[in-house]
Every structure is written in C-alpha cells, then in structure tokens.
Amino acid sequence: MSTRTAGVDYNLEQMMGDIQQSVRMALKSWIHLTNEGEQKKHVVAGWTSAAAIQSADVKAIKSRGESMSLYRFAGRMPVVSAKSYVSEAAVVIGDVKIDNDCYIGHGAILRGDHGAIEVGSCTAIEEGVIIHAFSNSVCRIGKNVTIGHGAIVHAENIEDYAVIGMGAILSLHAKIGSWTIVAEGCVVKNHQIVPEGVVVAGNPAKIVRSVEARDREFWLWGKQLYVDLAQQYLRDGMEQVK
Ligand SMILES: CC(C)(COP(=O)(O)OP(=O)(O)OC[C@H]1O[C@@H](n2cnc3c(N)ncnc32)[C@H](O)[C@@H]1OP(=O)(O)O)[C@@H](O)C(=O)NCCC(=O)NCCS
C-alpha cells in the first residue's frame, strides 16, 4: 500500500519495516549499555544498602532489561532490585537505587543526574510522579512509602510509611516524617520539615490533624496492594494490544 505526502511516495509496509528495524537497533544498543552498566555497578558510589540487593537479583535484570527504561548518565547508573517492578513507560536516569518489592508506575520519572535518589523496599511510586534530587545531594525515600499519582518530589527525605497524596508538591530540601500523610494537592515549602504522624494539607502545608488508627489500617492495606501489584506486573507483564 502506497501513499503520497508532500510530494514523496511512501510504501507503508516498507515504512513499518524501517521503523521495526530502527527499534530493534535501538533496543540492541540499549541492552548493551545495560549489561555494561551492571558490570560497573560496584563502582557506583553512595549505595550503602547494596546487601539488600543480591547480585543474583541484579543479574536477573538482564533477562528482562529490554522492558525497563533505565539510563546511564555521566557515569551514573541505576541499580534496581529484580524484585521490584519498573514500568517500561517509566524513566529512571543516573544514580537511582531501588530496593526490593517496589512499584515504579507508568510515566514516573526518577532523575538522579546531579544528585542521587534512594528508594526503600515496598515503596510505591505511582503514575506520573516526578522525582529529582538536588545537586550533590541524596533524595532519600524510605520503606513502605506511597507517592500518589502526579506528585512532584524534590525533597531531601521521606521517612518510612509516609503517604504523599496525588498531585502534592514537596519542594527543595523538604523533610517528611514517618507515617505522615501529605494530602492531595498540598504544597510542602522549600526547607519545610513536617513531623511524623500528622496529616498536612493546603498551600502552604499546615497540620490538620494527627494520623489515626483508621488511617494506618487503610494505608497498610493500600501499601500491600502495590507490593502485590508489582509482583503481578513482574509475573504477567503487560501485553500491548495492537
Ligand atoms: C489526606 C487524607 C488523610 C484526609 O483524610 P480524610 O479523612 O478524608 O479527611 P479529614 O476529614 O480528616 O480532613 C481533615 C481536614 O483536612 C481537609 N482536607 C482533607 N483533604 C484535603 C486536601 N486534599 N486539601 C485541602 N484540605 C484537605 C479537610 O477538609 C478537613 O478540613 P476541616 O477540618 O477544616 O474540615 C486522605 O484524604 C488521604 O489519605 N489522602 C491521600 C490519598 C492519595 O492521594 N493517595 C495516593 C493515591 S492511591
């Protein structure tokens, strides 16, 4: 089948073949980059919990590397546990460490180009979240943290079990205590420190109440949902429907 656009004849079958060939070549060079990067993983500085990511796990990344979007930048290479799910539609760049049982959703961007990002085990980073670390600093995200759809995280520290609501913004150097819930759309200011166990809402963030037993019960359930979801995606994969 041929078509004519702007005075040029295109054969659609030929075009599809060319596109497939380009994608195959891009994938090949990308897998090569991944393998090379893994050999260098031991020289990546700053990851103190390397024991949590067994070398066997890292090797396993190779076998499914073509479905993850990991990028080396300026010699900085992501290290991701094979027990974690990173959507192929997510983008993970540079010095980013992701521990076990995490869910990194579709469209999430984790950019560790000038700084580093550490993500603790059982943490969910949902769709469209943007995480960036300040230059020469580490953005530490603890264990069992939930970061809701579309949140922007430029913070220094998010402690274990915190919940960052959908569309919230955590500005530069902000710190969030453990089991604290940042409400949907909330803005945590530059350098703002939010203590543990509170709900904050609004712009700028203000404490509206304490986290209660009902919140913990709900969020333990919600967090487990994403640990299970990660395993399901790892096991079954996504199938593109043509
Ligand atoms: C924030 C959260 C704990 C609030 O709990 P809640 O029981 O629904 O709300 P509460 O009634 O306790 O709200 C307390 C106060 O905060 C206010 N508030 C709640 N959510 C707010 C928000 N997103 N923005 C501004 N104010 C908010 C309430 O209006 C209330 O104010 P008032 O005392 O003046 O009436 C809850 O909505 C939550 O967990 N949000 C996160 C959800 C999310 O994004 N998950 C990730 C994706 S799965």
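## Burial and Gly94

A residue counts as buried when 20 or more other C-beta atoms lie within 10 Å of its own. Keep that cut-off in mind as we look around this predicted model. Gly94 has 23 C-beta neighbours inside 10 Å, so Gly94 counts as buried.

You will find Gly94 in strand E6, which covers residues 91–98. Leaving out residues up to four places away in sequence, Gly94 touches Phe73, Arg76 and Pro78, as well as Arg111, Gly112 and Asp113. Tyr71 is also worth a look: 23 residues separate Tyr71 from Gly94 in sequence, while their C-alpha atoms are 6.2 Å apart in space.

## The chain as a whole

Stepping back, the protein chain has three helices and 22 strands. Of its 242 residues, 36% count as buried. If we take the contacts between residues at least 6 apart in sequence, 19% of them join residues at least 24 apart.

## Around the ligand

Now to the ligand, which is surrounded by 17 residues. The closest are Gly148, Gly165, Met166, Ala183 and Ala201. Two elements give two or more residues to this shell, namely strand E21 (198–201) and strand E22 (206–210). By residue class, the shell around the ligand divides into seven nonpolar, six polar and four charged residues.

Ala201, one of the closest residues to the ligand, stands opposite Lys206 in E22. Four residues lie between the strands of this hairpin, where Gly202 takes a positive phi near 85 degrees.

## Helix H3

Helix H3 runs over residues 213–236, 24 residues in total. From its first C-alpha to its last, H3 reaches 34 Å, close to the 34 Å expected at 1.5 Å a residue. Just after H3 comes Gly237, with a positive phi of about 65 degrees.

Which residues of H3 are buried? They are Lys223, Tyr226, Val227 and Ala230. As for what covers the buried residues of H3, the list includes four strands: E5 (85–86), E7 (103–104), E9 (124–125) and E12 (146–147).

Note on methods. Residues numbered from 1 in each chain as written. Predicted model: local features only at pLDDT ≥ 70, side-chain atom pairs only at ≥ 80, totals over all residues. Near = placed C-beta within 6 Å. Nonpolar A, V, L, I, M, F, W, Y, C, P; charged D, E, K, R; others polar. Buried ≥ 20, exposed ≤ 12 C-beta atoms within 10 Å, placed from the backbone. Contact = placed C-beta atoms within 7 Å. Pairing = 2+ DSSP bridges. Expected span 1.5 Å × (residues − 1).
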